[in-house]
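The notes follow in the order of the look-ups.

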Amino acid sequence: MAAKKTVYVNEFTDGVLNPDKEMEYIVQDGGYIVANTTPGCWGPMITPQLKGGHEVTRPVYVEGAEVGDAIAIHIKSIEVTSLATASGNDKPVNGKFNGDPFVAGKCPNCGTVNPETVIDGIGQQAVRCKNCHEDVTPFVFTNAYTMTFNKDNSIGMTLNKQGAEEVAHNAQQYMCTPEQSIQNPVVTFAPHDIVGAIARFRPFLGQLGTTPARALPDSHNAGDFGQALINAPHDYSITEEQLEDRTDGHMDINRVRQGAILICSVKVPGGGVYLGDMHAMQGDGEIAGHTTDVAGIVNLQTNVIKGLTIDGPILLPVEEDLPHLAKPFSEEEKKQARELSTKWGVELEESYPVSFVGSGATLNDATTNGMERAAKLLNVTVPEVMNRATINGAIEIGRNPGVVTVTFLVPKQQLKNEGLLDLVQGRYPL
C-alpha cells in the first residue's frame, strides 16, 4: 500500500498491541494522522471481549522509520466529541477474570474467556454475557460520577441521579462512541456519588506512542501496569526482562496535549503509531486510577528522526506546562546572568527544556528509569541529571503508581550531538 500524506483512522485494536500484525495504514514521513478515538479505561474495562483494558487505534506505519530511529509526533489538535462521560475509582470483581481483570475477563457462569456481551438496562449489572446472560462486569465502582459538558467544552459538571440515568438510557448518543468501537459505554452504569462538582476542561491523550517489540495488552504498555503481566496466568504472560520491549505508550501524562511534541522510540519497522484514551481533564497522578474518558478527533503530524535511539518517550510540553525552573529565561533574567558572567569570567551555558518519561513499578523506580534514560541519551552521569533536574527542572508525576517526567534544561551542545537541537529550538525559541 502506498504511503499517504494524510491517513484517516477510525478502526481499533482488540486491546492488544501486536507487532506481528500487518499495519493497514501507511503515512508519509512528515504526513498527518487524523483519528476518531474511542474512550479508554472504563468502557473497555466493562467490555471483557477487549483484551487490554483500552481500545486504541490500529497502528500507523510511518514511511522511512526503522528500528533504532525515533518518531516526533506533533499534536496539532485535540477535539472532544463526547457530550458526557462517567468515571470513578474501581474495584475488581472476584470470579470474573483470570489473573487480570483488564486482560482476561471471563463469565462466572459459562466460563467463556473474553466473552461477547449485551447491555440489558442500566446500572452496574447491565453488562451481560451474550452466551448465558450472566452479569460479567469485571469491575465495579467504589465512588463514581457522571459528568456532562457545556457546548464550548470548557466546563464539566457532575450530575444527580435523574441526570445520570437520562444519560445512561442514551449512552451512545452522549458518549459519541465511534462506529467501529465495540466497547460498552460506561455511562450505562449511571453513577452519581458526586453531584454538582464542576471541573475545568484540559483534554489530552492518555495513550500515544509506538508499537512495542512484543504483543502487549495496550493499557499494560508501561513500566507500572506492565508489572501485572510478569508470570501472569494468561496468554500475555511475560518475564521481567521482556517488559523492556515496551514503548510506554500508556502514560496518562496530562501534558501530552495540543501543542506538545512527543518523541517515541521505533522498536518495529514503521514504528506503528497509535493513540487513544483521551481524557477531558486530569490532575497530576490520576490518583483515582481513572478520569473522564471521552471520544474525540485528533490531528497529529509525524516526523522520522533517523538514528535517534531512545529507550522511552521524550516530551516537549507547551511552555505553560513546563516546571517553573525549566522555563526559558526572560530577557531580564538573561541580562542579569550576563552581568554575573562578566564579573566571574564564566561562559554562560545555552540550554533548552526537555522532559524524559520514566516508568516503573513504583514512582521511585519510574524516577530512576527516567533519569537513566536521560543520562544514557546525553552521555552524562545520573548524578548530573539529578543535579540539573533539581536546579533547572523537576520530577513530575504522570500517573500513580509509576509514570513520571524528568524535566531539566539540557545544554545546547548535547542536543546538537543527538540531532535534537533544531526540533527543540523550534519549540522553545530563545
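This is a predicted model: local features need pLDDT of at least 70, side-chain atom pairs count only at pLDDT 80 or more; totals for chains, interfaces and linings use all residues.

Leaving out residues up to four places away in sequence, I found Leu315 in contact with Ile253, Arg255, Val256, Ala260, Ile261, Leu262, Val354 and Ser355. Leu315 belongs to strand 17, which spans residues 314–316. I noted a relative accessibility of 0% for Leu315, which means that this residue counts as buried. I also checked Leu315 against Phe97: the two are 218 residues apart along the chain, and their C-alpha atoms are separated by 35 Å.

I then turned to the nonpolar cores. The largest has 39 residues, of which Ile33, Leu208 and Leu300 touch the most other members. Strand 5 (residues 70–80) supplies the largest share of this core, with five residues. Another core, of 31 residues, lies apart from it and includes Ile261, Ile263, Leu322 and Ala366.

I looked up Ile33 separately. Beyond its neighbours within four places in sequence, Ile33 contacts Val7, Val9, Val27, Val60, Val273, Val298, Asn299, Leu300 and Thr302.

Last, I examined the cysteines and counted zero disulfides. For Cys110, the nearest cysteine sulfur is that of Cys107, 3.6 Å away, and Cys110 is in no disulfide. The cut-off for such a pair is 2.5 Å. I recorded Cys110 as partly exposed, at a relative accessible area of 36%. Cys264 is buried, because its relative accessibility is 2%.

Notes: Residues are numbered from 1 along each chain as its sequence is written. Side-chain values use heavy atoms; hydrogens and water are left out. A nonpolar core is a set of buried Ala, Val, Leu, Ile, Met, Phe, Trp, Tyr and Cys residues joined through side-chain atoms within 4.5 Å. Buried means under 20% relative accessible area, exposed over 50%, partly exposed in between (1.4 Å probe, protein chains only). Helices (H or I, at least four residues) and strands (E, at least two) are DSSP runs, numbered from the N terminus. Contact means heavy atoms within 4.5 Å.
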